[in-house]
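Open your viewer and get ready to select residues by number. We will go from stop to stop and look at what sits at each one.

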Amino acid sequence: MNNQNKMKRDFFPVTLGSLKTDTVIGCDIYLLVSNNGTSSYVLYCKGDTAFENDKRELLVRKNINRLFVGNEDQQKYSEYLESNLPAILSDEKVKPAEKAKIVYGTATTMLNDVFTEPVHKNIVRSQTFAYNLIDYILREGKAADNLLKITSHDYYTYTHSVNVATIGSLFAKSMGLNEKDMKSFCTGMLLHDLGKTKISSRILNKNGPLTDDEFKKIKMHPEAGAEILRESGSGFNDEYLVILQHHENCDGSGYPHGLKKEEIHYVSRLVHIIDIYDALTTRRSYSPPKKPYDSLKLITSEMYNSVDKEMLKSFIRFLGGYRG
Ligand SMILES: [Fe+2]
């Protein structure tokens with residue numbers, strides 16, 4: 001321990017469980033040390049050196065689980081979590097609630113990058129993440145309880161996308177989807193609103209009714225999303241369906257193609273329900289978040305013909321198992 005930090009900086013806490021032995025973390029790790037009534041951040045592991053087992057063991061012996069990273073290194077720490085996600089999620093020493101937080105935080109940062117810059121490199125990151133998320137959901141018994149607890153209720157396109165992928169994958173698992181399909185459709189769920197990157201934020205965040213012209217532009221986002229995916233050259237197949245069809249209604253009143261129930265892919269019908277549910281349970285610029293029960297009641301009373309009725313019943317049963 002050396003190099004006492006005297007500069008005025010802000011730090012955020014990270015857990016010991018998130019740091020893997022013998023990895024280079026990429027950002028300096030600090031301890032918060034109290035001495036004679038004053039606290040200071042002390043450098044514990046330099047970002048360009050390996051986090052060795054001796055360092056971990058010393059912390060375990062002293063029962064220290066909370067370390068710190070400078071705020072300016074937030075991005076580097078997120079990148080570290082993302083590239084070490086499989087190791088973190090399969091580590092039995094990391095608590096289930098902490099894993100869920102790491103999964104959710106990593107997804108949010110990654111999708112923020114995808115929506116800011118929807119290029120091949122970032123789109124591939126979303127696919128890698130989707131695979132890790134499904135492995136975690138299939139392996140970890142407590143994944144659903146913990147993930148459902150932390151889904152964000154503030155609406156941003158990227159947090160909404162994380163919510164849809166998380167709730168959608170858990171629901172897909174309960175509906176018996178196999179692992180291969182879950183992995184490809186999870187990527188589609190993460191990217192289902194990718195086409196919104198082509199729509200002005202003035203329209204997306206408009207606080208009031210949309211004009212016909214504005215709604216016409218919004219309706220372009222499923223095809224725009226599929227187009228971005230094609231242009232990125234990322235070699236996807238099934239992912240397109242979720243992006244293209246998530247606003248199709250079972251009664252044919254949806255967009256972009258006005259498909260009927262039997263023409264809409266099973267997973268697109270599933271995402272359609274989760275998409276509506278998450279939008280209702282999340283705070284929007286024009287309305288406060290609704291309670292899960294009220295949201296389901298509203299879908300049942302006002303959108304019953306547009307959703308797959310049997311699937312909606314299954315979704316209500318699925319949520320009932322977690323939210324009572
Ligand atoms: Fe959408």
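Start with one definition: buried means under 20% relative accessible area, exposed means over 50%, and partly exposed is in between, with a 1.4 Å probe and protein chains only. This is a predicted model, in which local features need pLDDT of at least 70, side-chain atom pairs count only at pLDDT 80 or more, and totals for chains, interfaces and linings use all residues. Residues are numbered from 1 along each chain as its sequence is written, and side-chain values use heavy atoms, with hydrogens and water left out.

**Stop 1: Ser-184**

Select Ser-184. Is Ser-184 buried or exposed? It has a relative accessible area of 8%, so Ser-184 is buried. Ser-184 sits in helix H8. Helices (H or I, at least four residues) and strands (E, at least two) are DSSP runs, numbered from the N terminus. Now show what touches Ser-184; contact means heavy atoms within 4.5 Å. Leaving aside neighbours within four places in sequence, Ser-184 is in contact with Asp-238 and Glu-239.

**Stop 2: H5 against H8**

H5 passes H8 in a right-handed crossing. A crossing is right-handed if the near helix is turned clockwise from the far one by less than a right angle, and left-handed if anticlockwise.

Colour the contact residues. On H5 they include Phe-129, Leu-133, Ile-137 and Leu-138. On H8 they include Met-182, Lys-183, Cys-186 and Thr-187. The residues of this contact divide into 10 nonpolar, 3 polar and 3 charged. Ala, Val, Leu, Ile, Met, Phe, Trp, Tyr, Cys and Pro count as nonpolar, Asp, Glu, Lys and Arg as charged, and the others, Gly among them, as polar.

**Stop 3: Lys-173**

Select Lys-173, in helix H7 (residues 157–174). Lys-173 is partly exposed, at 38% relative accessible area. Beyond its neighbours within four places in sequence, Lys-173 is in contact with Ile-137, Leu-138 and Met-182. Draw a distance to Thr-187, 14 residues apart from Lys-173 along the chain: the C-alpha atoms are separated by 15 Å.

**Stop 4: H6 against H7**

H6 passes H7 in a left-handed crossing. Ala-144, Leu-147 and Leu-148 of H6 meet Thr-166, Ile-167 and Leu-170 of H7. These residues divide into 5 nonpolar, 1 polar and no charged.

**Stop 5: the loop between H12 and H13**

Select Asn-249, in the loop between helix H12 (239–245) and helix H13 (266–280). Asn-249 counts as buried, at 12% relative accessibility. Which side chain does Asn-249 join in a polar contact? It is that of His-272, at 2.8 Å. A polar contact is a pair of N or O atoms within 3.5 Å; within protein, one must be able to donate a hydrogen and the other to accept it, and residues adjacent in sequence count only if both atoms are side-chain atoms.

Pro-256 lies in the loop between H12 and H13 too. A cis peptide bond joins Tyr-255 and Pro-256, with omega about 10°. Most peptide bonds are trans, and most residues other than glycine have a negative phi.

**Stop 6: two positive phi angles**

Go to Asp-22, in the loop between strand S2 and strand S3 (29–35). Asp-22 has a positive phi of about 65° although it is not a glycine. At 56% relative accessibility, Asp-22 is exposed. Next, pick Asn-36, in the loop between S3 and S4. Its phi is positive, about 50°, and Asn-36 is not a glycine. Asn-36 is exposed, at 78%.

**Last stop: Tyr-44**

Finish on Tyr-44 in strand S4 (residues 38–45). Tyr-44 counts as buried, at 9% relative accessibility. A polar atom of the Tyr-44 side chain lies 2.7 Å from the backbone oxygen of Lys-55.
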